[in-house]
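This report goes through selected local features of one model. The sequence and the structure come first.

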Amino acid sequence: MSDCDKPLLDKVIENRNCIGCGACAFAFPEQFAMRAIHGSWQAQLLPAAATEPDTAPETICPHSGAGLDETEIGARLYPQAKKDPRLGRYRSTLVGHVEEGGFRAGGSSGGMITWLLADLLERGEVDGVVHVRPAMHRDDGLLFEYAISTTVEQVQEGAKSRYYPIEMSGVLKLVNEGDKRFAFVGIPCFVKAVRQLQFAGLLRKDAARICVGLVCGHLKSKYFGEYLAWQAGVAEEEIETLDFRHKLADRPASQYGFAVSQRGKDTPLVRPMQDLNGKDWGEGLFKNPACEFCDDVFAECADISVGDAWLPRHVDDPAGTNVVVIRDEVTATLVQAAIEDGRLSFEEASCDTLALSQAAGLRHRRAGLSHRLARRIEKGIWAPRKRVEPALAKSPRRRLVYDYRLQIAETGAAQFEAAKAAGDVRLFEQAMAGLLQDYRRTVRDNLPLRLAKKAWRFGRKLLHAALP
Ligand SMILES: Cc1cc2nc3c(=O)[nH]c(=O)nc-3n(C[C@H](O)[C@H](O)[C@H](O)COP(=O)(O)OP(=O)(O)OC[C@H]3O[C@@H](n4cnc5c(N)ncnc54)[C@H](O)[C@@H]3O)c2cc1C
Ligand code: SF4
Ligand code: SF4
């Protein structure tokens, strides 16, 4: 069968555009199953099913380019809200942190998500929360999984960002049964899939009554955590759990630590991320290749989106600060009430300020995505329909940067797997050295450019201080 004749989801999977969300395996279990490949989840096509489903599977897949895009979903869900091309729909845009309890100290940034989930539960707005927690009793040895929390304590156990593969086919099956109401937490593509499932009538509305989105740079394979742990001197089989966002009191929020707890030992080992290979999110070591074809940074299909305030005014505070985009009425009312009684400390910020906090992510997923789409067309490879037009980057240096990043994403996990199979992780470093060196050399600035950037950053700081 030629590439053109294949069903759309075959193309998604074969071209590594599958993020492994599990929406297809949940909705069409006779056609799709989830499997681990190169340390990430991926859909697998099962032998032809006897009956054709009523809904075309590609319409619920967030990466097929079929069905509604994020702009259309946002317009359908929040028709009254204002729009911004970078943030999607919004009622209000905020920067700040949680004052109440230990939510801020226990969270990745300002503690907003865990606080909100606890508040929703306590007020009876939902009966449970669907989010990612340390795994319990898994046969496959994975450290994190989607799970249901029904108490505030369980919600708090699930705090922190997991830069780790997760899939939601099993948990969606559980919450789709019965009549309970749940809040769902997900990275943007997972939230988009949940919305498509709800629109198609395949998932109950109350199974994800409130959708909380994480602002997202990219998702990592499980080898990211293993590689960081190995650098800290801990082998895979000794890992009890990982904390990718350990706060370091003496450093800016952006220079957080990585903590690895070892089996049979009480105290975790902590290393500043600055000291570890893999720290550079721009380089994107162990990035899921599907993320290279994504254009949603601010979780545009979620009722509320939460991220890190990577802003000059906040980044120096090691306690962590959130950026928040509110789109629906329920969360808007809860948040406003909590600001008024001092449980939350948030102030209005402009869309420009929020976009500035994710400037690199937006650049890579707008201009960078245009370039990658154009490369696929150039090579005759299938590419999904996106909200940006294909166009090669104008500067030769930028083209190289984007091309190298894609290569790093496409090769890292397989090289790590090969090195592990050979019993020596150093082989991974040897195998990647040339590509990483080429990338770093291309990104490294020459002196005039560095001075110009310094001046730009200074100007940006002044501009930011003047912005509301
Ligand atoms: C893969 C990934 C990439 C990210 N990229 C960016 C980025 O580029 N820019 C940015 O500003 N912020 C990014 N974030 C979000 C950021 O790391 C924080 O999670 C966010 O600021 C919320 O902080 P908090 O203190 O309010 O959350 P917390 O109170 O720590 O709560 C986090 C909640 O998210 C849930 N969760 C954790 N990991 C996952 C996951 N993989 N999938 C679904 N739910 C999960 C937890 O179960 C918990 O309920 C990313 C998060 C993830 C998981
Ligand atoms: S991205 Fe999700 S819905 Fe699409 S093929 Fe992969 S697992 Fe299935
Ligand atoms: S970058 Fe996009 S595709 Fe990748 S995990 Fe985030 S939302 Fe999903």
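The sections below cover the conventions, a helix pair, the strands and the ligand surroundings.

## Model and conventions

This is a predicted model, in which local features need pLDDT of at least 70 and side-chain atom pairs count only at pLDDT 80 or more, while totals for chains, interfaces and linings use all residues. Residues are numbered from 1 along each chain as its sequence is written, and chains are lettered from A and ligands numbered from 1 in the order in which they are written.

Helices (H or I, at least four residues) and strands (E, at least two) are DSSP runs, numbered from the N terminus.

## Helix pair α14 and α15

Helix α14 (residues 396-421) packs against helix α15 (residues 426-443) at an angle of about 170°, and the axes are 9 Å apart. Axes are lines fitted to C-alpha atoms, for helices over the stretch in contact; angles run from 0 to 180 degrees between N-to-C directions. α14 and α15 are therefore roughly antiparallel to each other (angles over 145 degrees count as such).

Contacting residues, meaning those with C-beta atoms, placed from the backbone, within 7 Å, include Leu 400, Tyr 404 and Ile 408 of α14 and Phe 428, Met 432 and Leu 435 of α15. By class, the contact of α14 with α15 has 13 nonpolar, five polar and two charged residues. Here Ala, Val, Leu, Ile, Met, Phe, Trp, Tyr, Cys and Pro count as nonpolar, Asp, Glu, Lys and Arg as charged, and the others, Gly among them, as polar.

## Strands

Strands β1 (residues 32-37) and β2 (residues 40-45) run antiparallel and are joined by six bridges; two strands pair if DSSP finds at least two bridges between them. Arg 35 is opposite Gln 42 in β2. The two strands, β1 and β2, form a hairpin with two residues between them, and His 38 in the turn has a positive phi of about 50°.

An open sheet of three strands has the order β10-β11-β12, with antiparallel pairing. Its edge strands, β10 (239-246) and β12 (269-272), each pair on one side only. The twist averages 15° from one strand to the next. Between β11 (residues 257-262) and β12 there are four bridges, and Ala 259 stands opposite Val 270 in β12.

## Ligand surroundings

A residue is near a ligand if its C-beta atom, placed from the backbone, lies within 6 Å of it. Ligand 1 is surrounded by 32 residues, the closest being Gly 107, Thr 114, His 131, Gly 217 and Gly 307. Elements giving two or more residues to this shell are α5 (112-122), β6 (128-134), β8 (182-186) and β13 (304-308). The shell around ligand 1 divides into 13 nonpolar, 15 polar and four charged residues.

The residues around ligand 3 include Cys 189, Cys 216, Cys 291 and Cys 294, along with His 218 and Asp 296. That shell around ligand 3 has nine nonpolar, two polar and one charged residue.

Note on methods:
Parallel < 35°, antiparallel > 145°, perpendicular 65-115°, else oblique. Contact = placed C-beta atoms within 7 Å.
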